[in-house]
Amino acid sequence: MAKDIRTRVWRNGTLEAENFPFEQVSDYLEQDDCLVWADLCSPDAHRLNELADELSLDPHAVEDAVMPRERPKASRYGTHTFIAAYGLRYDHDTGDMSASQVSAFVLARGVFTVRQSEDFGMDEVVQIWDDNADLIKFGPKALVWGLLDVIVDGHFVAIEALDDAVEEIEDILFDASGRNSATVQRRSYTMRKSLVEARRAILPMREVVSTVMRRAAESHPHPEMDPYFNDLYDHVLRATEWTESLRDMITTIFETNLSLADARLNIVIKKLTSWAAIIAVPTAITGFYGQNVPYPGFGAHWGFWFSTSVIVVLCAVLWTQFRRRDWL
């Protein structure tokens, strides 16, 4: 048995009953003035097979409803339309993006939703149906619009949270000390993984909404619903564009952090090279004067002061030149 089953029925656009036994669903579907909704959460194979046999659902659609990581899509069958979509949730603490699959079977007088887990709650969907009760009279397309609207709005919330995380990492990106380089690298990698998860759920929604709009226009022509679906489609396009811009931003952060790390490494190398060149001067001179042969100034005080002066002057000249070139 499924962990949770919710049911509702509207008669002539007015809510008549809810949470009635699942066995009564087929009775309501036979009545022309009824609109039925049933939600199954984590259903087992037996329950889904019963539903498929009772409602003449395509076995391929039933299989897709329980198949993990199914691609978001809207498929048209003889008696129904199958919709698969994903709700998104971003965890700011871990930086992970989680996706919850939601499937829907859209019939002539009913909509049946199947959720693989409780991560995606239906309370918000039910609330939007109640807030737009005047749309229920337009049939299943009103229920589908409410479901997709909540899913797409969830996409916006998740993408906005990811965008905030990108802004936070930008603030520590140009830390001159480089202490946050590893943090930026790790967080940017996590954000790239989260964005890939979001893109898998968001990008196909454009095709899903288009198919639903065409199917609804053919089977349930209600021009009153067109503005709602057009607005939904616009939201899908905006979410798609937002993910693309975030992809560019995260890639830029990743590459910029690598460039900054290379730049800091170059600065360190220049400083080490400069000091090595300065230290080489006294090493060369003292090494030359350390030969076991007589040389000008050998055994005389002026020879010591002469070599010391040469060391100081050359080191000062090198330090000045390196300083002017911003190597020190």
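The crossing of helices H4 and H5 is right-handed, a term that applies if the near helix is turned clockwise from the far one by less than a right angle, with anticlockwise giving left-handed. This is a predicted model, in which local features need pLDDT of at least 70, side-chain atom pairs count only at pLDDT 80 or more, and totals for chains, interfaces and linings use all residues. Residues are numbered from 1 along each chain as its sequence is written, and side-chain values use heavy atoms, with hydrogens and water left out. Helices are DSSP runs (H or I, at least four residues), numbered from the N terminus.

**H4 and H5**
- The axes of H4 (residues 123-131) and H5 come within 9 Å and cross at roughly 130°, where axes are lines fitted to C-alpha atoms over the stretch in contact and angles run from 0 to 180 degrees between N-to-C directions.
- That angle makes H4 oblique to H5 (under 35 degrees counts as roughly parallel, over 145 as roughly antiparallel, 65 to 115 as roughly perpendicular and the rest as oblique).
- H4 contributes Glu124, Val125, Ile128 and Trp129 to the contact, while H5 contributes Ala142, Leu143, Trp145, Gly146, Leu147, Asp149 and Val150, contact meaning heavy atoms within 4.5 Å.
- These residues divide into eight nonpolar, one polar and two charged (Ala, Val, Leu, Ile, Met, Phe, Trp, Tyr, Cys and Pro count as nonpolar, Asp, Glu, Lys and Arg as charged, and the others, Gly among them, as polar).

**H5 and H6**
- Helix H5 (residues 140-171) and helix H6 (residues 181-202) have axes that come within 11 Å and cross at roughly 160°, which makes H5 roughly antiparallel to H6.
- H5 passes H6 in a left-handed crossing, and the residues in contact include His155, Ile159 and Leu162 of H5 and Val184, Ser188 and Leu195 of H6.
- The residues of this contact divide into eleven nonpolar, three polar and two charged.

**Ser188**
- Ser188, in helix H6, is buried, with a relative accessible area of 0% (buried means under 20%, exposed over 50%, partly exposed in between, with a 1.4 Å probe and protein chains only).
- A polar atom of the Ser188 side chain lies 2.8 Å from the backbone oxygen of Val184.
- Leaving aside neighbours within four places in sequence, Ser188 is in contact with Ile169, Ile250, Ile253 and Phe254.

**Arg247**
- Arg247 lies in helix H8 (residues 226-289) and is partly exposed, with a relative accessible area of 42%.
- Not counting residues up to four places away in sequence, Arg247 touches Leu195 and Arg199.
- The C-alpha atoms of Arg247 and Leu195 are separated by 7.1 Å, although these residues are 52 residues apart along the chain.

Note on methods. Helix = DSSP H or I, 4+ residues; strand = E, 2+ residues; numbered from the N terminus. Polar contact = N/O pair within 3.5 Å; in protein donor to acceptor, adjacent residues only side chain to side chain.
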